[in-house]
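The sequence and structure are shown first.

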Amino acid sequence: MAEQPAIPDEPPAVLGPRLIGRSAELDRAVRALTAATPAAVLIEGEADIGKTRLIQEALETLALDGVLVAGCLPFREALTLGPVVDAVRQAHSRVDGLGLSALAGALRPLFPEWAHVLPPAPEPLDDAGAARSAAR
Ligand SMILES: Nc1ncnc2c1ncn2[C@@H]1O[C@H](COP(=O)(O)OP(=O)(O)OP(=O)(O)O)[C@@H](O)[C@H]1O
Ligand SMILES: [Mg+2]
């Protein structure tokens, strides 16, 4: 009886098509991520236009540490600071030791899982202008 060919442990690697027609956008993203840190880069575009691919290519080009990627999904009702919260949550499973100021107590409602290490929540201010000034 003929011997059966061995079944490979890993499936063969499939290479995607190379990046086409996005060199200007890739350059801009790479420059924005390296010009100054910390930096925030927003990639916007219609569904399937290549946003995720552009981010992947930029990060591979740079091999940077400490980059946080979060999706800004088009919810009917926007989640205030949602993408920022998602991104920060990836970075710190624990926040003690970061040397946060008393102002970080305002983050308690956004990060309930960090309540035991965040400072107490600041007293609410009635005057919106004064609240903005206190947050500066
Ligand atoms: N410039 C490009 N050259 C070659 N392939 C591309 C390019 N841009 C995107 N693609 C490919 O097209 C597909 C869709 O791209 P991608 O997932 O990046 O889109 P997206 O904008 O992030 O989509 P979504 O809105 O669903 O998040 C992927 O397979 C990706 O590799
Ligand atoms: Mg995407």
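## Domains and conventions

The domain assignment divides the chain into domain 1 (19-72) and domain 2 (92-136), the bounds being taken from an automatic or database domain assignment. Taken over C-alpha atoms, the centres of domain 1 and domain 2 are 30 Å apart.

The model is predicted: local features need pLDDT of at least 70 and side-chain atom pairs pLDDT 80 or more, while totals for chains, interfaces and linings use all residues. Residues are numbered from 1 along each chain as its sequence is written, chains are lettered from A and ligands numbered from 1 in the order in which they are written, and side-chain values use heavy atoms, with hydrogens and water left out.

## Helix α2

Helices are DSSP runs (H or I, at least four residues), numbered from the N terminus.

Leu-54, Glu-57, Ala-58 and Leu-62 are the buried residues of α2 (buried: under 20% relative accessible area; exposed: over 50%; partly exposed: in between; 1.4 Å probe, protein chains only). Viewed down the helix axis, these buried residues fall within an arc of 125°, so they line one face of α2; the arc is that of the directions from the axis to the C-beta atoms. Thr-52 and Glu-60, on the other side of α2, are exposed. The cover of the buried residues includes α1 (23-35), contact meaning heavy atoms within 4.5 Å. Ala-63, which follows α2, has a positive phi near 50°.

## Salt bridges

The whole structure contains 3 salt bridges (a side-chain nitrogen of Lys or Arg within 4 Å of a carboxyl oxygen of Asp or Glu). Within α2, Arg-53 and Glu-57 are 4 residues apart, about one turn of the helix, and their closest N and O atoms are 2.9 Å apart. Glu-25 pairs with Arg-22 at 3.9 Å.

Arg-89 and Glu-113 form a salt bridge at 2.6 Å. Arg-89 belongs to helix α3 (residues 82-91) and Glu-113 to the loop between α3 and α4 (128-135), so the pair ties together parts 24 residues apart in sequence.

## Aromatic pair

A search of the whole structure finds 1 aromatic pair. Phe-111 and Trp-114 are stacked, at 4.1 Å centre to centre and 5° between the planes. Rings of Phe, Tyr and Trp (its six-membered ring) pair if their centres lie within 6.5 Å; planes under 30 degrees apart count as stacked, over 60 as edge-to-face and the rest as tilted. Phe-111 is buried at 4% relative accessible area, and Trp-114 is buried at 5%.

Conventions
Helices (H or I, at least four residues) and strands (E, at least two) are DSSP runs, numbered from the N terminus.
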